[in-house]
Amino acid sequence: MNPIGLLIEFKDGRVKEANFGLATAARGKNRQLIALVVDASAGDARRALEAFGVTRIVNITTGSRRWDPAIRAAAVVAAMEQFEISSLVGLTSPAGRELLPRIAARLDAALVMDCIELDLDGRRVKTSQYSGKTMATIALTGSHFIYGMGVNAVAPLQCQVTAEIIDFAFEGNPDPGYRVIETRTDSSGTQYLAESDVIISGGRGLKNAENFNLLIACAGHINNASVGASRVAVDNGWVPYAMQVGQTGVKVNPKVYLAAGISGSIQHVAGMKTAKTIIAINTDENAAIMANCDYFAVGDLFEILPELEKALAAVRRP
Ligand SMILES: Cc1cc2nc3c(=O)[nH]c(=O)nc-3n(C[C@H](O)[C@H](O)[C@H](O)COP(=O)(O)OP(=O)(O)OC[C@H]3O[C@@H](n4cnc5c(N)ncnc54)[C@H](O)[C@@H]3O)c2cc1C
């Protein structure tokens, strides 16, 4: 089998943790992994990638001074051709959503995003469909295959190897077909929700934007925790869209998902039901979320969350 390509993402110059689950899923029993690193420091990434079974790192440079998905996609495709990579696995992250479809279009390749299981030998993947009502197994055909794994869908397992770094300078200058006029950063911060281990979300029950501080205070005591929201909270302007969990928001697979004042509509549950542990706080013991959670606290979130915050602070205190 040809080597499997991994499209590596970085944050603050370091390989994102989410890539390690990606490498684990792609490696299987003993596949050869080639990491594709674009305009980042392959040397710094080497040790992290070697720990997860990557034997070759292609250090792609584009010469572009800004993050341009058209140039990056063209550069990745050129490297895939050079190193005979027919299967590429990346993250279904904001960057992955920009790049993977562009790469697939250039190669006329089959593409599936938000995969939760991969069978690279059988070219089959599992992904949820119809708002999470069904789990589909999709068989890919063709000559090239692009897989977007759900972030945190697979737990990382170490496999120490040594890797060589190969430089690859991309000199093409594709016409992107668009012009960037302005780039804005929203107020949700730089943490992509799906990369969090713990997500504490709020819905209509929070009543206003200010009350989201109750959730932020709790999350502040937990490592790698973020605050999410239902669509009602986003549509009401309480929090930015980047925080929306669900069918039309972000799909998340955290270790723990806490839903406060969220009823558990099918569209919300579609985005979080694969969380390892789901906890709900709701005044209504018959709320739909009851059927989709592991722990359920019947009560007023305005009483429970301050107590939870105190308890988390006490555990955190040395
Ligand atoms: C095409 C489509 C796509 C959609 N996509 C999404 C999506 O991506 N994400 C999403 O979230 N929704 C989505 N929706 C909207 C979805 O159908 C629901 O309307 C929404 O999820 C409800 O949000 P909620 O649970 O915050 O509000 P509600 O359904 O109104 O629930 C509020 C809950 O808070 C509880 N509550 C109230 N006060 C308190 C309190 N003091 N303490 C504890 N509990 C309290 C109530 O008992 C209730 O259960 C979509 C809808 C459509 C049609």
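What covers the buried residues of H4? The points below take up this question and other features of the model.

1. Basis. This is a predicted model, in which local features need pLDDT of at least 70 and side-chain atom pairs count only at pLDDT 80 or more, while totals for chains, interfaces and linings use all residues. Residues are numbered from 1 along each chain as its sequence is written, and side-chain values use heavy atoms, with hydrogens and water left out.

2. Helix H4. Helices (H or I, at least four residues) and strands (E, at least two) are DSSP runs numbered from the N terminus. H4 comprises residues 94-107, 14 residues in total, and reaches 21 Å from its first C-alpha to its last. This is close to the 20 Å expected at 1.5 Å a residue, the expected span being 1.5 Å times one less than the number of residues. Aspartate 108 follows H4 and has a positive phi, near 55 degrees.

3. Buried face of H4. The buried residues of this helix are Gly96, Leu99, Leu100, Ile103, Ala104 and Leu107; buried means under 20% relative accessible area, exposed over 50%, and partly exposed in between (1.4 Å probe, protein chains only). Seen down the axis of H4, they fall within an arc of 130 degrees, so they line one face of the helix. The arc is that of the directions from the helix axis to the C-beta atoms. The cover over these residues includes strands S1 (4-7), S6 (87-91), S7 (110-115) and S11 (145-149), together with helix H3 (69-82). Contact means heavy atoms within 4.5 Å.

4. Threonine 127 stands opposite alanine 136 in S10. Four residues lie between the strands, and tyrosine 130 takes a positive phi near 50 degrees.

5. Domains. The chain is assigned domain 1 (4-169) and domain 2 (193-316), with bounds from an automatic or database domain assignment. Their centres, taken over C-alpha atoms, are 30 Å apart. Eleven residues of domain 1 are in contact with ten of domain 2. The area buried between the domains is about 1000 Å², with 47% given by carbon and sulfur atoms. In domain 1, Ser131, Val151 and Asn152 lose the most area to domain 2, together 47% of what that side buries. Buried area is the accessible area (1.4 Å probe) that two parts lose on being put together, summed over both.

6. Histidine 268. This residue lies in helix H7 (residues 266-269) and is buried, with a relative accessible area of 4%. Not counting residues up to four places away in sequence, histidine 268 touches Ala229, Ser230, Val245, Gly246, Tyr257 and Ile262.

Methods. Two strands pair if DSSP finds at least two bridges between them.
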